[in-house]
Amino acid sequence: MAHHFREAERRQKALLPADMMEWLPENDIVHLIVEAVELMDLSKFEVSYKLGRAGQPPFAPQVLLALLIYAYSQGVRSSRAIERLCQRDAGYRFIVAEHQPDHTVIARFRQCHAAAMKAVFLAVLRLCREAGLVRLGLVALDGTKVQGNASLEANRTAASIEAEIEKILAEAEAADAKDDSRPAVQQGATLPKALARRADRLARLRQCQEKLQRRAAAAAARQQAKIDARQAEEQVTGKRKRGRKPKPADPSIDPDTNACITDPDCGIMKTRRGWLQGYNAQIVVTTGQIIIATDVTTDANDVQQLQPMLAQAQANITTVADNDDKDTVVLGAAVADAGYWSEANAASETAECELIIATQKDHKQRAVLRDAPPPRGRKPNNMTARERMDRKLRTRHGRDRYRRRGASVEPVFGQMKDRQGARHFSMRGLERCRGEWNLHAAVHNLRKLHSDSVQRATKVGKRAHERERKAA
């Protein structure tokens, strides 16, 4: 029986072990992250650095990448918060050792190397495949709306955007005229701070204007296609088609349409909780919840994402497969909710990838599969594409695979949003948001790999203990 309390000896010379490897338990995820980053080819990161110049040497890319991955795995994404944790948290200190990077270094590294995060995702996916976690045969596809680094209040109409562009250009002309009136020695000496800030704003306003022009041109092209199809049908039948004649295609911008001046790439999207200013983030996962493909789009509709995502998933697993297996590795089957349903998508089914797509909302589809009996007899030849898909979903094969959809992809979004803080993007612009989503996917897969390695180590330890007990 103890007769005293254990007191904290804060004036002790060494409060931590001398070897940093002993600071944290062996099964801590930080060890896996550091080892995984050391195995990666970071030549794309290193090419942007110029060594041999005056000043302090830059941080090694593997240090900053491991730091970002570890921070995201802990749900920390603020560069200032990461800087503070590098001074007081053992996990962060284990990665950076005695050097603490500034928050600007962390933020610039994340922005400059956003495009290279796809290679990081593929490297982690290769580690998961080598560990036996990438099991194909059935994959699930889904998307979620993610808040961008902008607000709904930042949207402006096309008319107000044009007026603000004219105002900034007029102010720039006035500043140039004032500068020309000065003596030659003083001309161009300094740029007013207001104009320096507005130069960036002008670029974003013009980007918004170009986005609205592309949207108007696409709408006009769709309208012209309808007109051409109507005229072709009238020529074939020789009769005038009933109903109101379509309006002529107009490529001009509607002054009431809007765009976000903070991040011109993101758009207004509807969610269950209301509207947000953000992006549509897509993933393809295995039944073991390993992400094999990712993408971020500005289109709120999922129907156009099925074929590109499955093609990317096939390309990714082929890339990470062994040379002997590259020709034989296939997805097998893909399951998706009603957001991806269209006759064109249903017709894209191949022998390597069977498609099982819901034709109605998820709660209605589950109710139908629960109540409707399995189909019997031969399949009628005169069935439409929707009827054929409905019949496939009602079979035992279709029911089993569609039930596994929710258990495969929905928990992944929950884990990424709750554990990693992936509810909103930290950067702006479509390409940078794609890079950040690839980083989130790589972190998720690393967490799955870590969980699997811990479970295996626990089982091995239990078996060894059981053998020792029997031997005794």
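**Close-up 1. The buried residues of helix α10.** In this predicted model, the α10 residues that end up buried are L306, M309, L310, Q312, A313, N316, I317 and V320. Looking down the helix axis, these buried residues fall within an arc of 160°, so they line one face of α10. The background is simple: an α-helix has 3.6 residues a turn, so residues three or four places apart point the same way. As for dimensions, α10 covers residues 306-320, which makes 15 residues. From first C-alpha to last, α10 reaches 21 Å, close to the 21 Å expected at 1.5 Å a residue.

**Close-up 2. W437 and the nonpolar cores.** The largest nonpolar core holds 102 residues. W437 is among those with the most contacts inside this core, along with L65, I69, I82 and I292. Which residues touch W437, once neighbours within four places in sequence are set aside? They are T144, V146, A281, Q282, I283, T294, D295, V296, F413, M416, A422 and F425. There's also a second, separate core of 10 residues, and L202, L205, C208 and I261 are included in it.

**Close-up 3. The largest pocket and its lining.** About 1,200 Å³ of space lies in this pocket. Its lining is made up of 29 residues, with G143, T144, K145, T271 and R272 lying nearest the centre. Elements giving two or more residues to the lining are β1 (139-147), β4 (267-271), β5 (274-286), α12 (362-371) and α14 (396-419). Which element gives the most? That's α14, with 6 residues. Look out for T144, which turns up here near the pocket centre and also in contact with W437 in the previous view.

Notes. Residues are numbered from 1 along each chain as its sequence is written. This is a predicted model: local features need pLDDT of at least 70, side-chain atom pairs count only at pLDDT 80 or more; totals for chains, interfaces and linings use all residues. Side-chain values use heavy atoms; hydrogens and water are left out. Helices (H or I, at least four residues) and strands (E, at least two) are DSSP runs, numbered from the N terminus. The expected span of a helix is 1.5 Å times one less than its number of residues. Buried means under 20% relative accessible area, exposed over 50%, partly exposed in between (1.4 Å probe, protein chains only). The arc is that of the directions from the helix axis to the C-beta atoms. A nonpolar core is a set of buried Ala, Val, Leu, Ile, Met, Phe, Trp, Tyr and Cys residues joined through side-chain atoms within 4.5 Å. Contact means heavy atoms within 4.5 Å. On a 1 Å grid over the protein atoms alone, a cavity is a set of points where a 1.4 Å probe fits but cannot get out, and a pocket is an open set with protein on both sides within 12 Å along at least five of seven lines; lining residues have an atom within 4 Å of a point. Grid points are joined across faces, edges and corners, and a volume is the space filled by probe spheres set on the points.
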